[in-house]
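Please examine the structure shown here.

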Amino acid sequence: MSNILPNALGRALRGFFADDLPQVRGVSRHTLLSYRDAIALLLRFLSAHHRRPVVALDFPDLAPDHLLAFLTHLETERGNSIATRNTRLAAVHAFVRYAAMHHPEHLELCQQILAVPSKRAPQSVVEYLEADELHALLEAPDCTTPDGRRDYTLLLTMFNTGARVQEILDLRPCDLHLERPHQVRLRGKGRKERLCPLWPQTVQALHALLREQGDQPAATERLFRNRRGQPLTRFGVRYLLQKHARTASAAAQSLNTKRVHPHLMRHTTATHLLQAGVDLVTISHWLGHVSVETTNRYASVDLDMKRAAVAKAQPRGDVDPALASWRSDANVLEWLKAL
């Protein structure tokens, strides 16, 4: 076996992760780590598949049939969803496109790998929390304790903004604007920033959290932290959601039939905004979607069956989160003017 091919693969991997992704393409840290995990899984699989150490692998070991075997392994043995499978494949494709430019001697192989298609997945029904379920969930944290007050503020902020869980975890006190106009700066995919309005109840809860934690408005540490002062993780947020969902199920038994996870809160925000009469373009900007086509999936929700719940869409009955105010052009323009 030639010593050049393994070295060529190694050089391609080093150039892709050390130069192309961070320097040339400027991807976020999260994207880089996602690509790293996908390639690491592929290399481990190929090493076991060919019964050779990773350092002995070369470009021909990435042949399409081996890649397809890897994708099948992800679904059948690792239990990954089709969406996760396609995400891993996208990372491999990104690396192969880089390799094709810098190692043209393997261009034909790279073209064959790039021809491996993503797998079509059935379009799942959009799950979200009904008004009574959301109300019960927000009532579940014990607000007589510091952890409970933090959890309540976390859940309320997630519902208010419809932010992705990582966007919430990356929030810092300096991202909050708790004076008029009330808003928060979110950093989404591709380092894109957006401003999201905050409802009065959310502002009140965030004010209280900042005071309790002793955070200054210009502070740059993470806002949501555990009792040891360390930032919450995605797994931590999932655990807290499921914990409070179990408590809330006593008041809303239908929660027992739902899989409660961070992205469910995002679906809930979008659906409740839609039920309140907010147009899809505004919801798209609110959620930070690249295209309004992504937001169109929420339009499939049967609004006629939910009309009676519109008036109860607020987190609590004593505070109006101003969802309905976004029906008025004047209110939208007033908020934009105040930016």
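Leaving aside neighbours within four places in sequence, Arg150 is in contact with Leu209, Phe224, Arg225, Asn226, Arg227, Leu232 and Leu240 (contact: heavy atoms within 4.5 Å). Arg150 lies in helix H7, helices being DSSP runs (H or I) of at least four residues and strands (E) of at least two, numbered from the N terminus. Because its relative accessibility is 8%, Arg150 counts as buried (under 20% relative accessible area; exposed is over 50% and partly exposed in between, with a 1.4 Å probe and protein chains only). The model is predicted: local features need pLDDT of at least 70 and side-chain atom pairs count only at pLDDT 80 or more, while totals for chains, interfaces and linings use all residues. Residues are numbered from 1 along each chain as its sequence is written, and side-chain values use heavy atoms, leaving out hydrogens and water.

Phe224, a contact of Arg150, also touches Thr153, Leu154 and Ile168, among others. The largest nonpolar core has 51 residues, and Phe224 is among those with the most contacts inside it, together with Leu154, Leu223 and Met265. Such a core is a set of buried Ala, Val, Leu, Ile, Met, Phe, Trp, Tyr and Cys residues joined through side-chain atoms within 4.5 Å. Helix H7 gives the most to this core, with six residues. Apart from it lies another core, of 38 residues, including Phe17 and Leu46.

The structure also holds seven aromatic pairs, in which ring centres of Phe, Tyr or Trp (its six-membered ring) lie within 6.5 Å; planes under 30 degrees apart count as stacked, over 60 as edge-to-face and the rest as tilted. Phe16 and Tyr35 are stacked, 6.2 Å centre to centre with 5 degrees between the planes. Phe16 lies in helix H1 and Tyr35 in helix H2, so the pair ties together parts 19 residues apart in sequence.
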